Amino acid sequence: LCRIPPTNPIRPAVRPGPAASSASGVSKATARMAAVAEGSPAASAAAAKEAEYRKDVQKLVDLLSKLNPAAKEFVPSSAAATPRKGLSADAPVFYYGSIGGRNGGIAGYPGADAGYIGYQQRMRRNFVDNERRNVYINHGRRRTNERARRADREESIRRTVYVSELDHTVTEERLAETFANCGQVVDCRICGDPHSVMRFAFIEFSGEEGARAALNLGGTMLGFYPVRVLPSKTAILPVNPKFLPATEDEKEMVIRTVYCTNIDKKVTQLDVKSFFEELCGEVSRLRLLGDNVHSTRIAFVEFVNAEGAIQALNCSGMILGTLPVRVSPSKTPVKPRLNRVVSN
């Protein structure tokens, strides 16, 4: 019999576990990198980058494996829309952020800054609307007043006539008496140098009928010249009612008062008083007025006697200072100045 040599027993195949697989994979990769490292420099750099990437992935896997899979998602308390305890389930949810809460707000509910800015915008819009409304109201009221004043002025113009070529001897009283036959005379003003035939006047009636009737008096002899009467293009500037004489004493003062214009600004009140006292008589009261807008000044001169005022009318055109002064009867008295009471 021949002898058979012994052979190795057959072992069952064992599948390596995950750790072994990963270890073998790393060892294989390491071996591969070592094999590649013997090659070109570019291949070695790529292998090093791949090794670093695999190391980072392994760290992330280890970190995720330590998390608790049964943990709940975290929700901030400011965003939790749960009703307060003690309220019914149907009670509306109150969001603090909707009225400007400092915690901001959730979707659809503005935070503190948005709420305050919206409030400011509403207040500014209301203010602008009110201002615009007031402007419209005031503008409309002003426009109404302007229309009323324009209508009054146009009506006054229709009741006024213009009289030219008046003799220097014609007074306002005589002119008003002449035209009184046409209608009630409301006002009569003579203008111009009393020593010249170029004087003219404006006469206002109480109605348009009187003004139309006055046009028929054109060519009437007043003094030495026939007058011309035409419809007026301007109204007579009314005198401030508070300056008109209110008592019999003030009316008597008006008779003794003259109105002077075109007075040189270099002339003083003492110069005006001396000028009229030398030519007309004693002056009892004098008021010299002026401003920085007009180049000349005006004055109201009251005499002791009415004869002095009549003589002063003949001084119109005489040189006072460097300019010829114009003198006409005054319609207002020279009221005494009131002493101001100084309060502590």
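How many salt bridges does the count come to? I got 11 salt bridges, taking one as a side-chain nitrogen of Lys or Arg within 4 Å of a carboxyl oxygen of Asp or Glu.

A note on the source. This is a predicted model, in which local features need pLDDT of at least 70 and side-chain atom pairs count only at pLDDT 80 or more, while totals for chains, interfaces and linings use all residues. Residues are numbered from 1 along each chain as its sequence is written, and side-chain values use heavy atoms, with hydrogens and water left out.

**Entry: Glu 208.** I looked up its partners. Glu 208 meets Arg 158 in a salt bridge, 3.0 Å from N to O. Glu 208 is in helix α5 (208–214) and Arg 158 in helix α3 (112–158), so the pair ties together parts 50 residues apart in sequence. Helices here are DSSP runs of H or I with at least four residues, strands are runs of E with at least two, and both are numbered from the N terminus. Glu 208 also bridges to Arg 212, with the closest N and O atoms 3.6 Å apart. Those two sit four residues apart in α5, about one helical turn. I then checked exposure (buried is under 20% relative accessible area, exposed over 50%, partly exposed in between, using a 1.4 Å probe and protein chains only). Glu 208 is partly exposed at 27%, Arg 158 is partly exposed at 44%, and Arg 212 is partly exposed at 48%.

**Entry: Arg 256.** I found Arg 256 in a salt bridge with Glu 302, the closest N and O atoms being 3.0 Å apart. Arg 256 lies in the loop between α6 and β7 and Glu 302 in strand β9, so this pair ties together parts 46 residues apart in sequence. Arg 256 is buried at 11%, and Glu 302 is buried at 3%.

**Entry: a network.** I also noted that salt bridges link Glu 172, Asp 187, Arg 189 and Lys 331 in a network.

**Entry: strand β1.** Is β1 (160–166) largely enclosed or open? Five of its seven residues are buried, so β1 is largely enclosed by the rest of the structure. Next I looked at its neighbours (two strands pair if DSSP finds at least two bridges between them). β1 pairs with β3 (199–205) in the antiparallel sense over six bridges, and Val 161 has Ile 203 as its bridge partner there. Four bridges join β1 to β6 (228–231), again antiparallel, with Tyr 162 partnered by Leu 230.
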